[in-house]
Amino acid sequence: MMLTIEDQEAAVNEFIDCLIEKRAEGDSFCAYIYNLKKLKDHAIRIKQSLPDFCYLFYAMKANPDIRILKVLDEIVDGFDAASAGEIQTAKTISIKPVIFGAPAKKEYEIKHIVHGDVQWTNVESFHDLKRLQYWGDKAGTTIPIIVRVNLKDDVSDSHLKMSGVPTQFGVDERHVPQLLRKLSVSPNLEFKGFHFHAMSNNLDAERHVNFIELCIKKAISWSREHRLSLSVVNVGGGVGINYFNADAPFEWDILSQGLHTLQKRYGAEGFKLILELGRYMVADCGYYTAEVIDIKENHGEQFALLRGGSHHFRLPAAWKMSHPFFVHPVAKWDYPFERPMISNSYVTITGELCTPNDVLAKHEYVNELKVGDLIIFMFTGAYGWSISHRDFLSHPYPEVHYID
């Protein structure tokens, strides 16, 4: 479902050429570019591939850009918010349902819950349950809740794990029966289902199907044991992007076929299965591009220094990985002296910050790279600008452009 590197180069290079022609003389180029047409087509394919018992929600934490949200609002069934700010943003652009999940709810966030601004709210702990009951009783309202479970077993080889290991997320699976008993004597809380978000950036589609079936089985079992009406099973997101081999993406068709099989097995139970996709939904529509300001050699290694860096795009430094990129050659050279360049060489690509941690790609091969060329990082539509320490050293922000 993703374009090859060659296709992505052709699609974005033409757009960048137009931007470069319009820039002011002397300005170094640095920008995020979001291809909204590509995003829309991708989201529609995802939605159309799902069986009838699936709800498709967008996890706003991946990228809360308003224009991205407006495109997705036409396609998804709702939004997953993790803060009051995200709730307010979602309500500003959409009338669709919002799921609120946060491990540390503040009172101002609970006000959104009791005022009915969200469709469902995750319960993350016993204390969380007591607070929601307290505020529901105080407001004279009933709060629809979903119990978030931290499964006792590791369920994938994903990059980040929120379940099966000790984390701050959800209720330990061993304690779920006890919490459900507490819930039965909480008159202002209405049980709707379970939430099992357990991973981030899983690349194994078959294991993802197995994980979802495991969640369904546990949800059905607990609901029957405690005589609860099961409305939703939320399996979160966690579908990954292959940053290391763009031509071997997550096999979405395997997941889609698996979901259709699961509907045949469990559809008669009457619940809706919720997918909260974030990274997989938007990563491939985004590009972060920055101009090469200098090329130098230190201790036998080549370095390319950018107008930009991890203060704009934090993900590679946070994950200690080389982010995939391609080179956009720029012919123009205005200086009267020699233009620095390297050919058929390995290079480490760094930013403009005064820290050795400002590395976006390490020891990667390039055919040719010159000062003044642009580096274009792919898959930056998710967990890019919005998670970055943008004010460090007070450098200017990147531009933001849209292809629509």
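Q: Which side chain does S94 join in a polar contact of 2.6 Å?
A: This is a predicted model. In it, S94 is placed in the loop between α4 (84-93) and β4 (98-100). S94 counts as buried because its relative accessibility is 6%. Its side chain has a polar contact of 2.6 Å, and the partner is D73.

Q: In the salt bridge of K106 and E109, how far is N from O?
A: K106 has 36% relative accessibility and so counts as partly exposed. E109, at 2%, counts as buried. Their side chains meet in a salt bridge, with an N to O distance of 3.3 Å.

Q: How many residues apart in sequence are the parts that E213 and R265 tie together?
A: E213 and R265 form a salt bridge, with 3.0 Å between the closest N and O atoms. E213 lies in helix α8 and R265 in helix α9 (residues 252-266), so the pair ties together parts whose separation in sequence is 52 residues.

Q: Is R265 buried or exposed?
A: Its partner in the salt bridge is E213, which counts as buried at 14% relative accessibility. Exposed means over 50% relative accessible area. R265 has 52% relative accessibility, so R265 counts as exposed.

Q: What charge does the surface patch with E206 carry?
A: E206 sits in helix α8 (residues 205-225). At 53% relative accessibility, E206 counts as exposed. E206 gathers with D204, E251 and D253 in a surface patch whose charge is negative.

Conventions
Residues are numbered from 1 along each chain as its sequence is written. This is a predicted model: local features need pLDDT of at least 70, side-chain atom pairs count only at pLDDT 80 or more; totals for chains, interfaces and linings use all residues. Side-chain values use heavy atoms; hydrogens and water are left out. Patches are made of residues with over 30% relative accessible area and no salt bridge: like charges are joined within 9 Å, nonpolar side chains (Val, Leu, Ile, Met, Phe, Trp, Tyr) within 5 Å. Accessible areas come from the Shrake-Rupley method with a 1.4 Å probe; for residues, only the protein chains shown count as cover. A salt bridge is a side-chain nitrogen of Lys or Arg within 4 Å of a carboxyl oxygen of Asp or Glu. Lys and Arg count as positive and Asp and Glu as negative; His and the chain ends are not counted. The place of a charge is taken as NZ of Lys, CZ of Arg, CG of Asp or CD of Glu. Helices (H or I, at least four residues) and strands (E, at least two) are DSSP runs, numbered from the N terminus. Buried means under 20% relative accessible area, exposed over 50%, partly exposed in between (1.4 Å probe, protein chains only). A polar contact is a pair of N or O atoms within 3.5 Å; within protein, one must be able to donate a hydrogen and the other to accept it, and residues adjacent in sequence count only if both atoms are side-chain atoms.
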